[in-house]
Amino acid sequence: MKPEADPFCPDARRGELPAIARGGPVSHAVSRVARLHRAAAGRLLKQAGLYPGQELVMMYLWEAGPVRQSELIRTSELDPSTVTKMLQRLEQSGHVRRCPDPADRRAVLVEATEGSCALLAEVGRAWNTLEELTLAGLDPAERAELGRLLAKVEGNLCTEAAECRDRPRTAVSEGAPDRPGGTCAQPQGTPSRPEAGTTG
């Protein structure tokens, strides 16, 4: 009996490309890898009750402490409506709280709740598992080279994106802000530099 095909991987083992994509095999591969990586992240994060992208917001808030919602939108590089919806879900789950900024009542402060600290270790385990799943079969030199090449690719694409020009990589992209003051202590083994590829 022929095994059922993985819906995420049609024709992947045969290495077939759509005719229109044959002029961009690397771009096609990157697109497929990004989709599969996001799907794998989703499966792992589901165990913690999170959707892909929410963990990056939580990583930032855990380490940054209270920040204005406008800053979170800026650093996440996401559409404001996407961040607002994400925060609404996280607030309903009890992981974040929002309140007026005492320094400017028109602004909204966002912070991780103490109750969210239980998620921190789960997110760390999910990211560690995702890293090993993604890099299985690559030796340390290959892993380092892949990271170097992906950074160059990111740089190439960043020059085409208006929001990337003339500024350093953001805290959410890096996974950690430059200042202390977070809600939870970060346990050993929690990744400190997640990439933004799973944001959504």
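**Exercise 1. Find which side chains meet Arg-68 and Asp-101 in what kind of contact, and where the two residues lie.**

Step 1. The side chains of Arg-68 and Asp-101 meet in a salt bridge, with 2.6 Å from N to O; a salt bridge here is a side-chain nitrogen of Lys or Arg within 4 Å of a carboxyl oxygen of Asp or Glu.

Step 2. This pair links distant parts of the chain, since Arg-68 belongs to strand E1 (residues 67-68) and Asp-101 to strand E2 (residues 96-101), 33 residues apart. Helices (H or I, at least four residues) and strands (E, at least two) are DSSP runs, numbered from the N terminus.

Step 3. Arg-68 is partly exposed, with a relative accessible area of 32%, whereas Asp-101, at 7% relative accessibility, counts as buried. Buried means under 20% relative accessible area, exposed means over 50%, and partly exposed lies in between, with a 1.4 Å probe and protein chains only.

Before going on, note that this is a predicted model, in which local features need pLDDT of at least 70 and side-chain atom pairs count only at pLDDT 80 or more, while totals for chains, interfaces and linings use all residues. Residues are numbered from 1 along each chain as its sequence is written, and side-chain values use heavy atoms, with hydrogens and water left out.

**Exercise 2. State how many salt bridges the structure holds, and describe others among them.**

Step 1. The structure holds seven salt bridges.

Step 2. One of them joins the side chains of Arg-143 and Glu-132, at 3.2 Å from N to O. Arg-143 lies in helix H6 and Glu-132 in helix H5, so this pair ties together parts that are 11 residues apart in sequence. Arg-143 is partly exposed at 26% relative accessibility, and Glu-132 is partly exposed with a relative accessible area of 45%.

Step 3. Another salt bridge is formed by the side chains of Arg-106 and Asp-104, at 3.2 Å from N to O; Arg-106 counts as exposed, at 76% relative accessibility.

**Exercise 3. Decide whether helices H2 and H3 are mostly covered or open, and say what follows each of them in the chain.**

Step 1. Helix H2 (residues 54-64) is mostly covered, as 10 of its 11 residues are buried; among them are Leu-56, Met-58, Tyr-60 and Trp-62.

Step 2. Just after H2, Gly-65 takes a positive phi of about 80°.

Step 3. In helix H3 (residues 69-76), six of the eight residues are buried, so this helix is largely enclosed by the rest of the structure. The buried residues are Gln-69, Glu-71, Leu-72, Ile-73, Thr-75 and Ser-76.

Step 4. Just after H3, Glu-77 takes a positive phi of about 60°.

**Exercise 4. Locate Ser-116, and find which side chain it contacts.**

Step 1. Ser-116 is found in the loop between strand E3 (104-112) and H5, and at 0% relative accessibility it counts as buried.

Step 2. A polar contact of 3.0 Å joins the side chains of Ser-116 and Trp-62. Such a contact is a pair of N or O atoms within 3.5 Å; within protein, one must be able to donate a hydrogen and the other to accept it, and residues adjacent in sequence count only if both atoms are side-chain atoms.

Step 3. Trp-62 is itself one of the buried residues of H2.
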